[in-house]
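Hello,

Please find the structure below, followed by notes on what was found in it.

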Amino acid sequence: MDPKSSSTEISVEFPTIFRIYKDGRVERLKGTETVPPSTDPETGVRSKDIILSPESGLSARIFLPKLTDPTRKLPLLVFIHGVAFVIESPYSPLYHNHAALLTSEANVVVLSVNYRRAPEHPLPVAYEDSWEALQWAAAHSNRNGPEAWLNDYVNFDRVFVGGDSAGATLTHHVVHRAGVHGLSGAKIVGMILFHPFFGNGKPDKLLEVVFPECNGLDDPRVNPGKDPKLGKIGCRRVLVFVAEKDFLRDRAWAYYESLKKSGWGGVVEILESEGEDHVFHLFNPSCDKAVALVQKVVSFINQD
């Protein structure tokens, strides 16, 4: 067989997302653009890239708001990006801008996690990376960790974990894991799920490719509302965002209802954006409903 022929033959394709060629090569069809860390001249938000694990390559982009009082300790938001477990990163314009906006508006330190992506690293690798990132951040509570911004500016009694779409799936996993196994050094106050990817009850070819170990549509790792241990989630407040036109909407509502009935004992809120679709706030952050969404996050994080 002509090697050139095999290198161009497609094995699996998800239009507009990625394709896998028969020689194993992966081509991402969007979400590959990156922007460097920077200082925003308008908001004063600074960012830099850091390595969390030289062994695995796990990394992150950390964001620091403009400091009016350097002695004041700020909440920490560990943010986990979405888009199918496959594309985008904390370094893409989409997620850089979103994290910088949350940093400025909520006056928080944001650690945006660059987990290893499928299909090169099939799930559950991203679950493990996200958990490792949370543990890595929490280990700075002794003020002697490798990242100065965490040592100097974070209140580890006010940690939040948030993510959108597939990142919300990972977010639930790590917060639940903290509840089951404990998290040394930090207290997770709240969890924020933006349009979570918990499936929609139909067979999902994407999951078959990126998560070959998945045990079906009700595997708690992708549909946590079916988890009999859901009530062990490791925080006391949860905020869920859904969008009216999102094909994932119903499962997010089911998660909300299941969490209320789980015996968890915390407070869960849900906010639906009428007339909007999946992660609309990333693509049109200045629209009224996106602004309202961010302001809800701000009040959630800064609530006493």
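**Notes on the model**

The backbone nitrogen of S38 lies 2.9 Å from a polar atom of the S47 side chain; a polar contact here is a pair of N or O atoms within 3.5 Å, where within protein one must be able to donate a hydrogen and the other to accept it, and residues adjacent in sequence count only if both atoms are side-chain atoms. This is a predicted model, in which local features need pLDDT of at least 70 and side-chain atom pairs count only at pLDDT 80 or more, while totals for chains, interfaces and linings use all residues. Residues are numbered from 1 along each chain as its sequence is written, and side-chain values use heavy atoms, with hydrogens and water left out.

S47 sits in strand β4, residues 46–53. Helices (H or I, at least four residues) and strands (E, at least two) are DSSP runs, numbered from the N terminus. With a relative accessible area of 12%, S47 is buried; buried means under 20% relative accessible area, exposed over 50%, and partly exposed in between, with a 1.4 Å probe and protein chains only. Leaving aside residues up to four places away in sequence, S47 touches P37, S38, R61, I62, F63, H96 and W149, where contact means heavy atoms within 4.5 Å.

Strand β4 belongs to an open sheet of eight strands with mixed pairing, in the order β4-β5-β7-β6-β8-β9-β10-β11. β4 and β11 (267–273) are the edges, and each has a single partner strand, so one side of each has no neighbour in the sheet. Two strands pair if DSSP finds at least two bridges between them. On average, and with direction ignored, neighbouring strands of this sheet are turned by 20° against each other. Within the sheet, β6 (residues 74–80) and β7 (residues 109–114) are parallel and share five bridges; the bridge partner of F79 in β7 is S112.

**The three-stranded sheet**

A separate heading goes to the open sheet of three strands, β1-β2-β3 in order, with antiparallel pairing. Its edge strands are β1 (10–14) and β3 (26–28), each pairing on one side only. Neighbouring strands here are turned by 15° against each other on average, direction ignored. β2 (residues 18–21) runs antiparallel to β3 and is joined to it by three bridges. I20 has V26 as its bridge partner in β3.

**Helix packing**

Two packed helices are described by the angle between their axes and the distance between the axes. Axes are lines fitted to C-alpha atoms, for helices over the stretch in contact, and angles run from 0 to 180 degrees between N-to-C directions.

Helix α3 (residues 125–138) and helix α5 (residues 166–181) cross at roughly 55°, their axes coming within 9 Å. That makes α3 oblique to α5; angles under 35 degrees count as roughly parallel, over 145 as roughly antiparallel, 65 to 115 as roughly perpendicular, and the rest as oblique. The crossing is right-handed, meaning that the near helix is turned clockwise from the far one by less than a right angle, with anticlockwise giving left-handed. Residues in the contact include W131 and L134 of α3 and L170, H173 and R177 of α5. α3 also lies across β4, β5 (58–64), β6, β7, β8 (154–164) and β9 (188–194), at about 110° to β4.

A126 is in helix α3 and is buried, at 1% relative accessible area. Not counting residues up to four places away in sequence, A126 touches Y115, R116 and L170.

Helix α2 (residues 93–106) packs on helix α9 (residues 288–302) at about 55°, with the axes 9 Å apart. α2 is therefore oblique to α9. Among the residues that make the contact are L101 and L102 of α2 and V294 and V298 of α9.

**Backbone points in the loops**

Two cis peptide bonds deserve a look in the viewer. One runs from A118 to P119, with omega near 0°, and another from L123 to P124, with omega near 20°.

A84, in the loop between β6 and α2, is a non-glycine residue with a positive phi, near 65°. S165, in the loop between β8 and α5, also has a positive phi, near 55°. A84 is buried at 14% relative accessible area, and S165 is buried at 7%.

Regards
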